[in-house]
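This report concerns the sequence and three-dimensional structure displayed below. Please keep both in view while reading.

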Amino acid sequence: MTQTHPSAVRSSLFSGRTCSLRLAVALGCIVALTATIRAAVAGENNLKLWYDAPATKWVEALPVGNGRLGAMVFGTPGEEKIQLNEETVWTGHPNNNVNPNALAALPEVRRLLFEKKWPEAQKLVDANIMNAFGKNVKNQGMSYQPVGDLKIAFAGHDNPSKFYRELDIADAIATTRYTVDGVEYTREVFAAFSGEVVIVRLSASQKGKLNFTTWLTSPHGNRVSIRADRDELLLDGVAGDQEGLEGKVKFAAQVKVVSSGGKKSTGEDGKITITAADSAVFYISIATNFVNYRDLSGDPGKRVQDYLQSALAKPFARLREEHIAHYRQYFDRVKLDLGTTAAINQPTDRRILNFAKGDDPQLVSLYFQFGRYLLISSSQPGGQAANLQGIWNDKLNPPWDSKYTTNINAEMNYWPAEVTNLAELHKPFIQLIKDVSESGAETARRMYGARGWVLHHNTDVWRLTGPIDHAASGMWPSGGAWVSEHLWERYLYSGDKAYLAEVYPLLKGAALFFLDFLVEEPENKWLVVAPSCSPENAFQRKGYITNSYGVTMDNQLLFELFSNTIAAAETLATDAGLVTELKSARSRLAPAHIGQHSQLQEWLFDWDNPNDHHRHVSHLYGLYPSWQISPYRTPETFVAARNSLNYRGDPATGWSMGWKVCLWARFQDGDRALKLIREQLKLTNHNLTKYNGGGTYPNMFDAHPPFQIDGNFGCTAGIAEMLVQSHDGALHILPALPGAWATGTVGGLRARGGFEVSLEWANGKAKTVRIKSTLGGNLRLRTADALAGLQAAAGANPNPFYPTLNMPAPVVSAKAQLVPPAVKTTHEYDIPTEAGKEYVFVAK
């Protein structure tokens with residue numbers, strides 16, 4: 001129900017709409033609405049990526065997926081190619097990469113670090129702790145691999161007219177249309193959520209005009225067998241070996257072709273030919289023997305047959321209908337309208353090409369929703385977490401093995417999950433954390449003699465937790481702290497105490513590891529993580545020296561982890577002794593340091609180079625995704641962090657720019673955040689493979705380059721962050737609205753404390769704010785515009801889901817020159833809410 005004020009008058013809300021109950025006030029009113037903002041912004045479906053030419057490169061093909069299966073659709077008239085993935089096709093087999101030499105080497109590494117002998121310490125780490133060097137070489141993580149390709153050849157279709165292809169992200173269906181000799185041919189492709197198969201439907205506008213030959217291929221070579229049997233294409237294979245680990249993932253694919261009319265023939269070459277048909281439907285079933293990260297006892301043949309028979313038991317129309325319904329239960333929760341211009345009439349690749357200099361706000365809305373589409377399509381409850389490329393990969397040896405890089409990228413994949421109302425899709429990542437807490441317990445004990453569990457900067461489907469690569473990038477034991485942030489954040493959004501009790505042992509285990517691993521540094525007696533690094537950045541370029549101690553990111557991660565674990569324990573009324581121990585250790589962590597360039601130092605020492613434009617901005621973790629740095633509570637650190645981001649610059653790899661959108665949103669600078677969006681939505685040459693020059697591919701995949709899906713997710717989260725923030729003690733409305741988005745609407749964003757937020761704004765100011773409370777409790781609104789008739793906030797927010805972290809004062813260099821932050825004046829109001837009710841505020 002909707003909460004209303006006792007008095008009411010009539011007043012206009014939307015153009016052409018009125019509200020029957022209204023409290024008139026000087027600057028605003030609380031009203032009851034009979035129509036939601038979602039309905040107001042519904043409009044026509046502009047949520048399509050569309051093109052006037054087929055894909056010639058993989059990064060031009062269109063992705064479909066149901067969480068487990070992924071397909072890339074090229075749309076070539078003469079020979080369609082549909083590249084296929086299944087989420088558990090990985091090289092190798094169950095393993096962990098623990099290096100037992102680490103424990104004995106650790107004291108000497110720390111001695112060298114505390115003596116400032118950085119190169120010597122890093123060399124010893126490489127020799128005795130890392131797995132790529134020394135006598136105890138272990139694997140560096142396994143690779144995610146493709147299954148193969150479905151090919152469909154159409155004789156005489158090489159020069160069609162009226163070509164058009166699209167990905168409709170409102171329905172999760174890819175469509176190709178073109179005309180040959182007066183006949184319109186249509187292809188529909190979707191990965192059925194309810195049917196566990198990929199479906200391809202071919203049709204022609206005239207009966208008997210559909211002729212094609214189809215077959216399967218695979219890059220796995222002699223590791224697969226392919227054949228045709230009547231109306232089915234069959235493939236059986238085994239994933240690859242890697243770094244001494246035999247490939248033991250068995251996979252099977254079965255494609256059944258059901259045609260309407262015409263004739264069918266099967267050749268000994270593994271191909272099926274259909275002639276003079278009216279239409280045809282392909283049911284593509286894929287399965288493996290993967291049960292979990294320790295178990296490969298599944299039967300891929302039985303699974304693939306079961307999936308196929310289940311799909312065949314339903315008519316195509318019903319499968320399509322169920323697919324759309326399943327997808328829309330997630331997708332339709334959030335609407336975003338930033339306005340539409342004539343640019344929408346251009347193909348998507350040309351819109352991206354022109355975006356930086358044009359006026360195309362709807363492309364931002366499309367990109368935002370495309371990020372949500374990708375998460376729905378690559379991360380479904382019960383399945384694997386989205387990896388570095390989601391679920392889409394065409395290479396046997398993909399970049400960075402398409403693993404889970406946990407020093408930013410894997411976490412970034414799930415930044416949109418809660419705020420863009422896709423909470424259920426967070427579950428696969430939560431399960432991954434549970435898995436690595438198990439495998440990481442062995443690593444913590446054997447490598448570091450510690451309780452709890454540890455995760456370094458990468459993991460894979462086998463949940464390895466030891467360090468990989470070389471010391472410069474891999475000697476970072478803080479992955480467990482970062483992923484644990486997701487455990488607590490999920491609770492702050494949901495308020496689910498049963499869930500919190502379930503994941504509390506994971507938080508506790510991560511904290512216990514660091515209680516044992518922390519060591520006192522000699523100069524200030526602070527507790528520090530040693531050895532470690534500021535992810536992938538070097539303080540000494542010669543020799544690429546990164547290993548040190550007490551780096552800023554580690555200090556922020558542990559302050560947050562200890563605080564979250566304390567709060568969880570107190571919420572659950574457990575582990576009072578541990579709470580005391582954590583509070584004591586937290587008080588001894590190194591504080592933030594502001595250096596000679598007025599910057600937030602990346603390291604404990606003032607080593608930052610103002611000309612360093614490195615893609616990682618790890619020392620700004622405390623600003624986003626964490627919320628330790630605040631313009632209201634920590635103004636000096638806030639200014640220093642802003643200076644650091646200015647030094648780093650704007651252009652970067654695609655995912656880095658997605659992170660910077662989030663950071664500038666937290667700096668409440670909407671225009672700068674939009675500038676980063678323009679940088680990210682810059683068409684990238686698909687042949688470019690160097691690190692700099694990131695952007696967006698023609699199919700809207702993020703370009704590191706190469707493709708990394710985390711950039712899509714990071715920017716989607718950043719756009720939401722520009723419109724609604726719910727940290728730092730209040731729910732902040734339009735905290736970073738750029739001038740170019742003067743008018744717009746958004747519906748369905750989620751905020752901490754179980755609030756759901758919908759907004760309408762005009763002339764850069766909030767016009768209507770609608771809040772649904774699912775948990776009840778105090779709603780503290782922060783807004784730039786005063787609202788009469790509301791109770792001004794006083795003191796700390798009593799809502800337990802809006803804590804603030806009381807950071808210690810920073811250590812400031814005598815050379816620093818800090819200018820107070822230019823923060824917009826805001827007003828805060830407290831509104832008591834009841835669970836299940838909606839509260840609407842409308843400006844007069």
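## Basis of the report

The model is predicted: local features need pLDDT of at least 70 and side-chain atom pairs count only at pLDDT 80 or more, whereas totals for chains, interfaces and linings use all residues. Residues are numbered from 1 along each chain as its sequence is written, and side-chain values use heavy atoms, with hydrogens and water left out.

Helices (H or I, at least four residues) and strands (E, at least two) are DSSP runs, numbered from the N terminus. Two strands are said to pair if DSSP finds at least two bridges between them.

## Arg 782 and its sheet

Arg 782 lies in strand E35, which covers residues 777-783. Its relative accessible area is 5%, so Arg 782 counts as buried (under 20%; exposed is over 50%, partly exposed in between, with a 1.4 Å probe and protein chains only). Contacts (heavy atoms within 4.5 Å), not counting residues up to four places away in sequence, include Tyr 632, His 727, Asp 728, His 732 and Glu 828.

Glu 828 is linked to Arg 782 in two ways. The two side chains make a polar contact at 2.7 Å (a pair of N or O atoms within 3.5 Å; within protein, one must be able to donate a hydrogen and the other to accept it, and residues adjacent in sequence count only if both atoms are side-chain atoms). Glu 828 is also the bridge partner of Arg 782 in E38. Strand E38 (residues 827-833) pairs with E35 in the antiparallel sense over seven bridges.

Both strands belong to an open sheet of five strands with mixed pairing, in the order E30-E31-E35-E38-E36. At its edges are E30 (724-725) and E36 (791-792), each pairing on one side only.

## The nine-stranded sheet

A further open sheet has nine strands with antiparallel pairing, ordered E6-E11-E12-E13-E14-E21-E18-E17-E16. Its edge strands are E6 (48-51) and E16 (224-229). The twist averages 10° from one strand to the next (axes are lines fitted to C-alpha atoms, for helices over the stretch in contact, and angles run from 0 to 180 degrees between N-to-C directions).

E16 pairs with E17 (residues 232-238) in the antiparallel sense over six bridges, and Ile 226 stands opposite Leu 235 in E17. Helix H4 (residues 300-312) packs on this sheet, touching E17, E18 (250-260) and E21 (279-288), and its direction makes about 145° with that of E21.

## Helix H10

Helix H10 (residues 427-448) has 22 residues and reaches 30 Å from its first C-alpha to its last, close to the 32 Å expected at 1.5 Å a residue (1.5 Å times one less than the number of residues). A kink of about 35° is centred on Ser 439 (the bend at a residue is the angle between axes fitted to the seven residues ending there and the seven starting there). Gly 449, with a positive phi near 60°, follows H10.
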